[in-house]
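Dear colleague,

Please keep the structure open beside you as you read.

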Amino acid sequence: MADSVMRELEQATQIVLAPPNIVTSEQRHTAENVILAFRKTKLPYNTCRFILENSKCDYVLFQAATTIKESVVREWTLLSAEDIESLRSFLLRFITQNISLQSYVREQILQTVAVILKRGTVDTKGANRETLFQDVTQLISSGNVTMQLVACSMLTALLNEYSSSSRTSSMGFTWEFHTRCKRAFEENDLKRVFLFALQVLNEIEKQPSPLPREATAVLNRLLSISEHVLCWEFTPKSNILSNFNGFFSILQMNQNITLKPNDTWRETLLDKNMLQLFFRVHKKVRHNSEMSHHSVQCLSQLASLNGPVFPNDPARADYLTAFIEGLLQMLASIDLQDYENLGISNIFKNLVMMFPVVCFDAIPKNIFESFINQLTTLTCSTGKQAAMEEVLQKDDTIYMEAYEKMLETWMELIGNLKGASTSDVRVVSMEFLKPHAVEVFNSYIKCHMSGPDGTRPQNSFQDEEEIDEIEQDDRDKFSDQLCSIGILGRMVPEHSIPLLARIIEDRVTKFQTLLALFNNSICRGKYWIVSKRACQKLVLYMKTSIGWFLWQISKALWAAFGRDTECAQWTVTFLLDKILTNLNVWHTEEQLMCDTLHLLVKLLDNRTRAVYVTKCELLWTLAKHEASNHPPFNAFPSSCQRLLMKALVLAGSGFTDSELKEQYWKGVLEPVHSKFYSTVCQENFTKICHSVQVKGDIINLLESLCGIAQATRVDNLERIYDFLLPQLAECVKLLDLFHNYEDVVPLALDLISEVVKKQLCFLGEMKSRKIYELCLSAVQAYSKHHSGVYVRDVTEEEERFTDILIVMELLTDLLSKDFIDFSDAEEGVPQNGGQVSAADVVLYGLNTIIPAMNTDLLKFPSLCSQYFKLIAFLAEVHPDKFQEIPEELFNSLMASVELGLSSYGSDITRLCLEILTFLASHLFQSNPTESKMHSSLAHFFKIVFHMLLLETFNMDLLETASTALFCLVCCHQDQYRETVNQLLENQTDPVFKQRLLEAFNNLTPPSLRMTITRQSKLAFMQNFDQFMINVRGFLCVK
């Protein structure tokens, strides 16, 4: 019987593993079913033993081991303690007797042994782990390297199986079971594994270097085991299920766990010999990158030791002293390899982060001084190498990461010192750190300056265009570093400010000399070493940085000089002069232009500063240049046109003289009005509109109008509204004329969206209705050419993404009027009889958008977020509209909500739960039991109930989810009772069944009113929180 089964499996394996051109899909499917049927065999242990002992096919051996693992869990109650122990002994013996097994077969068998041990952890007939440790000890002491590696693999499998990570096998047991097993393993066996690893590490470390190859292999596995133990997420003594965010990371590997064992580890971890062992081991293995990673990670975890393992502060200080001594001795005797730097920097960071200032103050003064000296030295050395990595544009940025860790360490140390009481510290002080801050500050400056003053090598300008496209802006890329260096510089302003001033003066002088020489060489017709383009590029970089710097420094100057002073006016005039110079000279450089105009907008978006600007003749000069449309202003990139008009309109709010203000508005707005109508009202416009020149003019005009709309403020609202409204009507026509142009359609939609966003909340009822009608016309014009059009490829998908996103933002902003309305009440305005409302426009827009939407478009985060925000707004403000919309649209909306509950992250899940809450609240109030919404929400009740109780769930959403569930329960109380009864019937364990019954009785007690009120929601939420703690652990299965 067993022999025939083995042959059948081997034949099936040949088919499953055969190339697709040899076997048909039907043959492969049949063979797979044979293997799956075998894995479901009842009591297959004798057959599996026969297969393991006789088959020569590795895949069949793997399936036999998998079958044993699944069957043991499934049939545990049918097996005696003797059967279980016999099975465990056989599997371990089989591995030791077949040393040539494929690694994946060996690992699967060891995992099976680990599963058997875990299943018996909380069972009286479980396999004895004491016997396992005896077997492991014998294997290690055998002297056979293969047997020693098997022992290490056994321990690794055991750690994986009990750890709270994704490595845990899916056994079909509750999270509560996994927690109890993990806690039992921590209390009884985890420290034993660590002590075992320490013992063998100590023996191997005593062997002379270089170690034999066999000993190296064993040492590597033991370091990995030690790292696994030291990275263990220890279960707190309190009820683990009360903190879902901590425990339910069981499915995720937390990479930032600190070492926080209980007090039973005190004797082991506070032993100075243990620390010294790991330092010695690292010195021995550091030239092997893999082993070095394991050993330095062990040291990093030991540096993060915290919690009840320390009985008091003196014990913590003693441990810190011992660790720092060992660390300094090790660093003094080695030259760090490049791959060691990141780990070592993490050690420093963990020490500073996990040990309070009072502990550092309690260690001997000479040790603390040496620690800070070493911290300073490593910071400077890694900073130098990080700067070199940047220049050479290396893909591997080990030094950059290490340098950032070191700077984070300094920030942590400085922050801790600022928060510490002066009475608590004697040695550690800001004054003590100042010389080191000077050294780190100087090092940073030197590393980023080229010779002769600095150490940064000269960088080539080759492939500069390609670099510009790929590289992130330095101000963003290195913002954290610059902030850290700035904080260190502020510690010693008497040093840093004169140094920076001297360097800037020196560099400006040298640059002026270089430009003069360059210009002279060009005039004489000679070639210069540096190309003209490279020189222009350098100037461009400088201009961009200077503009950013001027804005930062100007804010400080205004604060220093105060308002209504000559110095404040001088500052504004100076900035405006630089802005105008950039616009005239660098109009071909789009990025510099955008940066310059952003500076101008920032200067004017504050009305107080705008008053200063209006006193400058340069503002009138700028307005006249824009109105005249002469070079270089007629050659501005279209994106800059928007910013310029926005700035000019914002400036209008700064005029205090009404006559000057009217003159200014006329000079700014009338040229745009004239050019717009002279362009779109030509007799043959429909014929010439597709020419390059006319289309370019339309794009520039739309950008200008967008800038005017964005500059809307309360004080200029009436003027801007009256100016834009007639032109918006023309923009609707442009949507029709240019429907095939992806550079015009988004701009026209964006203009309407900006007007709605900036103006609608301030407009009265009559003007708002005009906006609604205009938006409806725009959506109709858009849908005329895009409704029902499906994307065919990625490029078209990205183009449609922009259009749809703008339309959804427009629709969302229309609904915002119902949330935020700053308009004054109007008398004599008829109610909405026959008039277009915001909800009508939104529903029409949704009917246009949804047919063009698909799951691929929803993968764009911004589009996905905007879509669900729109649905949530509509559900909150106009839930009644969901009853009125066509059934096809309703089904599409609800299908997207169901998808959003599980597919696009926690933020979208939250929005979908809020949508269900709003709809259920409306349904409960209106009570139409036969409606499509009633049946749809009955379906969602099942989904939310199952999601909260039986699936992995982000507990940060608990408040939102409990509210949604309560509203759904109120709407479907009979269905809720049926679901609860069914869940109780499915519970075979009487203990769990009783606990579940009591939990549901406490969740919805008779005293809880099943009506959707704030009080009932709060009461249910409190009950639900306790309910989740009590039952979710045994309802959720892994």
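**Salt bridges within helices**

Asp3 has a relative accessible area of 31%, so it counts as partly exposed. Please bear in mind, for this residue and for everything below, that the model is a predicted one. The side chain of Asp3 meets that of Arg7 in a salt bridge, with 2.0 Å from N to O, and Arg7 is likewise partly exposed, at 41% relative accessibility. Both residues belong to helix H1 (residues 2-16), where they sit four residues apart, which is about one turn of the helix.

Another such pair is found in helix H9 (residues 175-205), where Arg192 and Asp189 are three residues apart and therefore separated by about one helical turn. Their side chains form a salt bridge at 3.9 Å, N to O. Is each partner of this pair buried or exposed, or something in between? Asp189 is buried, with a relative accessible area of 3%, whereas Arg192, at 30%, is partly exposed.

In helix H15 (residues 313-332) you will find Arg316 and Asp313, again three residues apart and about one turn of the helix from each other. The salt bridge between their side chains spans 2.8 Å from N to O. The structure as a whole holds 26 salt bridges.

**The overall picture**

The protein has 47 helices and zero strands. Of its 1038 residues, 51% are buried. If you consider the contacts with a separation of 6 or more, 77% of them are between residues 24 or more positions apart.

The crossing of the two helices is left-handed. On the H29 side the contact is made by Leu619, Leu622, Ala623 and Glu626, and on the H30 side by Gln641, Leu644, Met645, Leu648 and Ala651. Sorted by class, the residues in this contact are seven nonpolar, one polar and one charged.

**Backbone details in the loops**

Most residues other than glycine have a negative phi, and most peptide bonds are trans. With that in mind, the following places deserve a careful look.

The loop between H29 and H30 contains Pro632, which is joined to Pro631 by a cis peptide bond with omega of about 0 degrees. The peptide bond from Ser209 to Pro210 is also cis, with omega near -5 degrees, and Pro210 lies in the loop between H9 and helix H10 (213-230).

As for phi, Leu43 has a positive value of about 45 degrees although it is not a glycine, and you will find Leu43 in the loop between helix H2 (25-39) and helix H3 (45-54). Gln393, another residue other than glycine, has a positive phi near 55 degrees. Its place is in the loop between helix H18 (365-392) and helix H19 (398-419), and at 41% relative accessibility Gln393 counts as partly exposed.

With kind regards

Conventions:
Residues are numbered from 1 along each chain as its sequence is written. This is a predicted model: local features need pLDDT of at least 70, side-chain atom pairs count only at pLDDT 80 or more; totals for chains, interfaces and linings use all residues. Side-chain values use heavy atoms; hydrogens and water are left out. A crossing is left-handed if the near helix is turned anticlockwise from the far one by less than a right angle, and right-handed if clockwise. Contact means heavy atoms within 4.5 Å. Ala, Val, Leu, Ile, Met, Phe, Trp, Tyr, Cys and Pro count as nonpolar, Asp, Glu, Lys and Arg as charged, and the others, Gly among them, as polar. A salt bridge is a side-chain nitrogen of Lys or Arg within 4 Å of a carboxyl oxygen of Asp or Glu. Buried means under 20% relative accessible area, exposed over 50%, partly exposed in between (1.4 Å probe, protein chains only).
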